[in-house]
Amino acid sequence: MKGIVVFSGSAHHALADEICDHLEVPRSHVKISRFSNDCLQAQLLANCRQRDVYIVQPLVPPTQEHLMELLLMVNAARGASAAQITAVIPHYAYARSDKKDASRISLGGRLVADLLVTAGVDRVLTMNLHAPQVHGFFSVPVDHLTALGVIADHYRGRDLSNHVVVSPDLGNAKQATLLARLLGLPVAAGNKQRLADDKVVISSVVGDVAGKKAIVLDDEIATGGSIIEIVSRLADFGCAEASIACTHGLFAGSAVERLTSATHISEVVSTNTVPAPGNFPGLKVLSVASLFAEAIARIHSGNSVSTLFNGVDPAYAQPQEPEGLF
């Protein structure tokens with residue numbers, strides 16, 4: 001990994017260190033200062049000139065602080081003559097602001113993408129964006145990883161003969177279907193209506209869940225409202241218990257209390273794209289550091305990143321060259 005320099009903002013040092021361990025490179029240090037007027041300043045404490053620079057920073061609360069840190073670190077690397085700057089954003093929080101669903105409403109997902117490019121980003125490496133269209137918000141290349149293989153591995157080896165994979169809503173049904181195929185299970189989905197950021201209503205469940213155990217898959221758990229609602233509906237339809245799995249386990253507000261007190265939830269599984277809360281002792285955390293490290297190694301060497309997910313998601317399948325072309 002000669003020529004690679006990895007920095008980390010303050011959002012998730014543990015993940016950055018694990019990525020560096022897989023790459024067998026040290027994590028280079030950053031000095032983040034705060035002036036008396038509350039402005040931030042970032043200083044990179046390693047040589048970046050003509051290096052391949054990777055800056056690891058998930059956008060987790062306090063999200064605005066961590067976003068500003070990332071922008072400043074990218075700007076510092078650009079000013080230090082880095083050859084290429086990749087923003088490694090395991091959780092791109094503004095992906096939820098992806099559509100104009102009300103009058104005079106901002107599109108944060110697109111704005112933050114523009115800010116990153118303006119700061120000097122050459123490439124973005126992220127995981128499980130909230131919606132596919134967010135990929136197109138960036139005017140630089142985006143390598144979009146998936147945690148489905150890691151989550152599927154967690155469930156393999158169990159007796160899944162009476163299980164069903166469930167999506168809390170129809171929007172995430174494609175991902176639930178892919179996980180169901182990996183595990184050889186049927187799939188179901190809830191019909192969800194969002195009333196507010198922390199309040200949803202699921203009126204029905206599409207699919208057969210009666211008498212079965214559920215694996216509920218979501219891309220992100222913030223307040224836990226969607227999960228509690230779908231678990232309640234599953235119980236109404238005769239589903240005995242539910243294992244909850246997600247990529248981004250933010251567990252904001254009273255989410256931990258709500259999930260641990262829900263009688264039909266047997267376990268909660270999340271990856272380490274964001275820091276795990278310290279007050280969730282039963283949480284099972286799956287590491288995606290090796291995926292990010294392998295993606296970084298492939299970007300650095302000019303090899304395909306999508307082949308990491310052959311057999312996991314057909315969207316990453318390599319197109320075949322038609323015969324007769326030269």
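Which residue forms a salt bridge with Arg-27, and how far apart are the closest N and O atoms? What we have here is a predicted model, and I'd like to walk you through it piece by piece.

Back to my opening question. The partner of Arg-27 is Asp-17, and the closest N and O atoms of the two are 2.5 Å apart. Asp-17 sits in helix H1, while Arg-27 sits in the loop between H1 and strand S2 (30–34), so this pair ties together parts that are ten residues apart in sequence. In total, the structure holds 14 salt bridges.

Now let's step back to the whole chain. The protein chain is divided into two domains: domain 1 covers 2–145 + 289–309, and domain 2 covers 148–286. Taken over C-alpha atoms, their centres are separated by 28 Å.

So where do the domains meet? On one side, 15 residues of domain 1 are in contact with 13 residues of domain 2. Between them, the two domains bury about 1200 Å², with 51% of that area on carbon and sulfur atoms. Within domain 1, the residues that lose the most area to domain 2 are His-91, Arg-96 and Asn-128, which together make up 48% of what that side buries.

The side chain of Arg-96 meets that of Glu-220 in a salt bridge, at 3.3 Å from N to O. The count of salt bridges between domain 1 and domain 2 is one. There are also seven residue pairs in polar contact between the domains, with both residues at pLDDT 80 or more. On the side of domain 1 that touches domain 2, helix H1 (13–23) and helix H8 (289–301) are the elements that give two or more residues. By class, that side of domain 1 has nine nonpolar, four polar and two charged residues.

Next, the aromatic rings. The structure holds two aromatic pairs. In one of them, the ring centres of Tyr-92 and Phe-138 are 5.4 Å apart and the planes are at 55 degrees, so the pair is tilted. This pair links distant parts of the chain, 46 residues apart: Tyr-92 is in the loop between strand S5 (84–89) and helix H3 (108–119), and Phe-138 is in the loop between strand S6 (123–127) and strand S7 (142–145).

Let me finish with the backbone. Most residues other than glycine have a negative phi, and most peptide bonds are trans. Here, though, a cis peptide bond joins Pro-61 and Pro-62, with omega at about -5 degrees. Pro-62 lies in the loop between strand S4 (52–56) and helix H2 (63–79). Then there is Ser-81, in the loop between H2 and S5. Ser-81 is not a glycine, yet its phi is positive, at about 65 degrees.

Methods:
Residues are numbered from 1 along each chain as its sequence is written. This is a predicted model: local features need pLDDT of at least 70, side-chain atom pairs count only at pLDDT 80 or more; totals for chains, interfaces and linings use all residues. Side-chain values use heavy atoms; hydrogens and water are left out. Domain bounds come from an automatic or database domain assignment. Contact means heavy atoms within 4.5 Å. Buried area is the accessible area (1.4 Å probe) that two parts lose on being put together, summed over both. A salt bridge is a side-chain nitrogen of Lys or Arg within 4 Å of a carboxyl oxygen of Asp or Glu. A polar contact is a pair of N or O atoms within 3.5 Å; within protein, one must be able to donate a hydrogen and the other to accept it, and residues adjacent in sequence count only if both atoms are side-chain atoms. Helices (H or I, at least four residues) and strands (E, at least two) are DSSP runs, numbered from the N terminus. Ala, Val, Leu, Ile, Met, Phe, Trp, Tyr, Cys and Pro count as nonpolar, Asp, Glu, Lys and Arg as charged, and the others, Gly among them, as polar. Rings of Phe, Tyr and Trp (its six-membered ring) pair if their centres lie within 6.5 Å; planes under 30 degrees apart count as stacked, over 60 as edge-to-face and the rest as tilted.
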